[in-house]
Amino acid sequence: MHTTGTVYLTVRDTLGFYGMDTIRIQYSIPTANLGQDTTICPGDTLFLTPGLNYATYLWQDGSAASTYPVSSAGTYSVYVVDSAGCDTSGDIQVSI
């Protein structure tokens, strides 16, 4: 998801002179997408990856790796923070 906007700036000094400028801002809001709820076969491992461009990761068990291996049924969640300090979370239900 992107947030965009245009900022217009006009500055006038005490003598009446002025200057104008415009800046267009676009920022991607982070999304931690672990995919749709899914089923894996017994003995298989699913590697969850919410994205590799985050500054920090925090999984439901307190681990902090960018990927998380899943080999048993359950609900798995992650909380991520990007380099700008924006955060988001995501979860997935895995069945066997």
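Visitor: Which residues is glycine 5 in contact with, apart from its neighbours within four places in sequence?

Guide: Glycine 5 is in contact with Ile23, Arg24 and Ile25, where contact means heavy atoms within 4.5 Å. The structure is a predicted model, in which local features need pLDDT of at least 70 and side-chain atom pairs count only at pLDDT 80 or more, whereas totals for chains, interfaces and linings use all residues. Residues are numbered from 1 along each chain as its sequence is written, and side-chain values use heavy atoms, with hydrogens and water left out.

Visitor: Why is glycine 5 called partly exposed?

Guide: Buried means under 20% relative accessible area and exposed over 50%, with partly exposed in between (1.4 Å probe, protein chains only). The relative accessibility of glycine 5 is 26%, so this residue counts as partly exposed. Glycine 5 belongs to strand β1 (residues 2-12); strands are DSSP runs of E with at least two residues, helices are runs of H or I with at least four, and both are numbered from the N terminus.

Visitor: What makes isoleucine 25 partly exposed?

Guide: Its relative accessibility is 42%, so isoleucine 25 falls in the partly exposed class. Isoleucine 25 is placed in strand β2 (residues 18-28).

Visitor: What is called a nonpolar core here, and which members of the largest one touch the most others?

Guide: A nonpolar core is a set of buried Ala, Val, Leu, Ile, Met, Phe, Trp, Tyr and Cys residues joined through side-chain atoms within 4.5 Å. The largest such core has 14 residues, and Leu48, Trp59 and Tyr76 touch the most other members. At least two core residues come from each of β5 (56-59), β6 (68-70), β7 (74-81) and β8 (87-95). The strand that gives the most is β7, with three residues.

Visitor: How do you know that tyrosine 76 is buried?

Guide: Tyrosine 76 has a relative accessibility of 9%, so it counts as buried. Leaving aside neighbours within four places in sequence, tyrosine 76 is in contact with Leu34, Leu48, Gln60, Tyr68, Val70, Gly90, Asp91, Ile92 and Val94.

Visitor: How many aromatic pairs does the structure hold, and why is that of tryptophan 59 and tyrosine 68 called stacked?

Guide: There are three aromatic pairs. Tryptophan 59 and tyrosine 68 lie 5.0 Å apart, centre to centre, with 25° between the planes. Rings of Phe, Tyr and Trp (its six-membered ring) pair if their centres lie within 6.5 Å; planes under 30 degrees apart count as stacked, over 60 as edge-to-face and the rest as tilted, so this pair is stacked.

Visitor: What makes the pair of tyrosine 68 and tyrosine 76 tilted?

Guide: The ring centres of tyrosine 68 and tyrosine 76 are 5.8 Å apart and their planes stand at 50°, so the pair is classed as tilted. Trp59, Tyr68 and Tyr76 form one aromatic cluster.

Visitor: What makes threonine 88 buried?

Guide: Threonine 88, in strand β8, has a relative accessible area of 19%, so it is buried.

Visitor: Why is serine 72 called partly exposed?

Guide: Serine 72 has 39% relative accessibility, so it counts as partly exposed. Serine 72 is found in the loop between β6 and β7.
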